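Dear colleague,

Please read them with the model open beside you.

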Amino acid sequence: MDHTRTPLFSALLKHAEKNPIQFHIPGHKKGVGMDPEFRSFIGDNALSIDLINIAPLDDLHQPMGVIEDAQKLAADAYGADHTFFSVQGTSGAIMTMIMTVCSEGDKIIVPRNVHKSVLAAIIFVGAKPVFIQPARDKNLGIDHGIPTRSVRRALEKHPDAKAVLVINPTYYGVCTNLKEIVDLVHSYNMPVLVDEAHGVLIHFHEKLPMSAMEAGADMAATSVHKLGGSMTQSSVLNVQGNRVNPKRIQTIISMLTTTSTSYILLGSLDTARRHLALNGRAMAERAIELAQYARKQINEITNLYCFGEEILGEEATYNYDPTKICVHVRKLGITGFEVENWLREHYNIEVEMSDMYNILCLITPGDTQENVDTLLDALRKLSHVNDDVTDVKEVVIKVPAIPQLTLTPRDAFYGETETIPFKDAADRIIAEFIYVYPPGIPILLPGEVITQELIDYIVEHVEVGLPVKGPEDRSVQNVKVIVETQAIF
């Protein structure tokens, strides 16, 4: 295929050049009808292609023209049989995967550290999650991949499951042995779904982990916008093989997608594919070089640590993406959240995320040597932040046990509930989510039993200022739980 072509974006430019008189939405009519300051900042070029699914521009809900052509080029670039564009982000693509293969009451095998979009789809469809515990790194305080042996045990116990979902790579960049898991799951004639949100570059460089399509997975939701240069909220769903029906996928993704699809987002997916197909290897090579340079320098800074190849060798740490710079800050005696705020205040640096013990920085094709050196200068300065303190209190890593799931997430979410103080909620069944975003992995999800250990863990996160979200009570002072039937004596 000719990857210099951008059928959708070229059609948008051609349409804008014609400058037609518009009697359709959006109502700003190329910016004329909107706030002048916003129009001036965004620019008339962008506003001229803020369009809807008029005939010359095809329709994402039933593509038969330039969108279909652009998706075929994307499938070729990503090694898929079919590629579907998503303007609902990777969350929409993940929900499409699950809702394509699961019906009410069906089992699906998933890691416990899945993104909240996985659990949202499970609630919507009424599926029953079979959780696999990821390998936990108690030195870093993070989860890695799921071991193949755990997948094997889940399949032996639940051979009637409809699919297995795998995260590849994790938010922190660690990969399980995906090819081994795919082959195992396929021996049960079961499809493999992959959350590949943080893995678009792995399609384009041999030094990066194996992509879902290369490993033989059936579907993979991939965030082009995160690392591949498209606009925020634009992603793709890659599909291959005969275990899933692409026509049903089109139906499901259409059900989940706005009818007012953004052509700016769609056009950016088309051009990002071109850039990656033509220059992806060089782009990835530069990002890898910068990241490995940063990793080496960080590991020479007192009290900081950035993991690399030394953590590999287990089933759940089979490979890693070096462009994810996870800086472990526990030995500074402060939390990752405090480090994030310090970098913002003193160096105008914004990191991808922070947790109790780490900050995560992403090195992408958009970074420069100057950017990375500024980060390194800041971290060197940070390493001395507690030099004048005689008694540095070391942060102690706590990783609570995964709670027991006693109701299906759907039954709990839609069940009869009451609101009680969170500090008094031990041993009750929660009816809403509690998670830290980013990365959006639930600490508690509907149907699980709240333990005192989890209450203490979540309260500690709230008190240090980490972005705990999910409950209707944003302060996390109160929580919705399932109403208990009183015993009769």
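**Cavities, pocket and cysteines**

About 30 Å³ of space lies in the second largest cavity, where a cavity is, on a 1 Å grid over the protein atoms alone, a set of points where a 1.4 Å probe fits but cannot get out. Its volume is the space filled by probe spheres set on the points, which are joined across faces, edges and corners. This is a predicted model, in which local features need pLDDT of at least 70 and side-chain atom pairs count only at pLDDT 80 or more, while totals for chains, interfaces and linings use all residues. Residues are numbered from 1 along each chain as its sequence is written, and side-chain values use heavy atoms, with hydrogens and water left out.

The second largest cavity is lined by Pro111, Asn113, His144, Gly145, Ile146, Val166, Ile167 and Thr170, lining residues being those with an atom within 4 Å of a point. By class, this lining holds four nonpolar, four polar and no charged residues (Ala, Val, Leu, Ile, Met, Phe, Trp, Tyr, Cys and Pro count as nonpolar, Asp, Glu, Lys and Arg as charged, and the others, Gly among them, as polar).

Among the residues that line the largest cavity are Leu60, His61, Phe84 and Gln250, and its largest share, three residues, comes from α11 (helices, H or I, of at least four residues and strands, E, of at least two are DSSP runs, numbered from the N terminus).

The largest pocket (an open set of points with protein on both sides within 12 Å along at least five of seven lines) has a volume of about 960 Å³. Of the 48 residues that line this pocket, Asn113, Tyr171, Val436, Pro439 and Ile441 lie nearest its centre. The lining divides into 26 nonpolar, 13 polar and nine charged residues, and α5 gives the largest share, four residues.

Cys326 is buried (under 20% relative accessible area, with over 50% exposed and partly exposed in between, for a 1.4 Å probe and protein chains only) at 2%, and Cys361 counts as buried at 8%.

With best wishes
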